[in-house]
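Have the model open as you read.

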Amino acid sequence: MDFKKIDIADSELIREKINLHPSQQLINCFESFYLWKNVLNVEYALVDDALIFRIGEGNRERIFFPVGYDDITLPIKELLRYSEQKNTPLQLYKLVKNQIMLLEGKGFKVDAVPVRNNFEYLYTADSFRTYSGKHLQSKRNFVNYVKKYYNWSFEIIFGHNIWECRAFTARFEGDESFEGDNEALLLGLDEFDRLHLDGGIIRVNGEISAILITSMLGDGETAAGLFLRADHTKKGVATILYQEFFKTYKKYRYFNLAEDLGIEGLRRNKLSYNPSELLELYDVYFI
């Protein structure tokens, strides 16, 4: 298979293929691959009208389920031949249940292993707009704290404040937990007007204290939570940013806040927003 680096010029083709199989999975948009193209070494191949993405290289290569296919049989057989040439068993990364059922329905024998660290957190956008209910009382408290004690404001990300967003992002340099994401975020800010991105910021005393950037997933209803940066010395700024963002961008019905990577603090934080669903993702081995 002829894998090539993903480029902005590929956006039309990739969007067209992804939109043939819409889902709420975070990788169901062009931006999820493009922005991490350098960090994760993202490449793709066109096989029998299907797109096959891979990240990494050598023994660290990870291959995703094809998109844009008419019949999944042909691209999977090509992947099996590709793996045989490399003398490695075929493994696909981050599959949802209906993709596994499709493989089994086509006669492929697979072993599907759920990977909890990769499960993605899904929410209704309305839950952020209102923070209603007893499970989100703490979030309402955070919002009230910001409104009472801070001189704050919300605005969308646009050409005139992108340079400030870049400067705010630079404050997280040297933090290993943001190392790869910072590179992807800076690329997103550089290409903001050319990509299908939405963004919002919270200012405290005129200075940026939190930023959020999303993109619409292929289902046309779900925001992909691509980046969040917040000054955690300022209580509640991330919480009120979510609320103001979804009040502004009413086109979103759902929010995918990505996985927690098994990081305990991150898991607690995402659970604290009371997800409506954990999207289960599996690594699939062909046997």
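Here, buried means under 20% relative accessible area, exposed means over 50%, and partly exposed is in between (1.4 Å probe, protein chains only). This is a predicted model, where local features need pLDDT of at least 70, side-chain atom pairs count only at pLDDT 80 or more, and totals for chains, interfaces and linings use all residues. Residues are numbered from 1 along each chain as its sequence is written, and side-chain values use heavy atoms, with hydrogens and water left out.

Start inside. A nonpolar core is a set of buried Ala, Val, Leu, Ile, Met, Phe, Trp, Tyr and Cys residues joined through side-chain atoms within 4.5 Å. The largest has 40 residues, and Ile 6, Tyr 34 and Phe 53 are among those with the most contacts inside it. Helix H8 (179-190) is one of the elements that give it two or more residues, and H8 supplies the largest share, four residues. Ile 6 touches residues including Ile 14, Phe 30 and Phe 53 (contact: heavy atoms within 4.5 Å).

Now the charges. A salt bridge puts a side-chain nitrogen of Lys or Arg within 4 Å of a carboxyl oxygen of Asp or Glu, and the count comes to 21. Asp 10 pairs with Lys 4 at 3.6 Å, N to O; Asp 10 is buried at 9%, while Lys 4 is partly exposed at 39%. Glu 221 bridges to Arg 253, with the closest N and O atoms 2.8 Å apart. Glu 221 sits in the loop between S10 and S11 and Arg 253 in the loop between H9 and S12, so the pair ties together parts 32 residues apart in sequence (helices, H or I, at least four residues, and strands, E, at least two, are DSSP runs numbered from the N terminus).

Terms used
Lists of a residue's contacts leave out its neighbours within four places in sequence.
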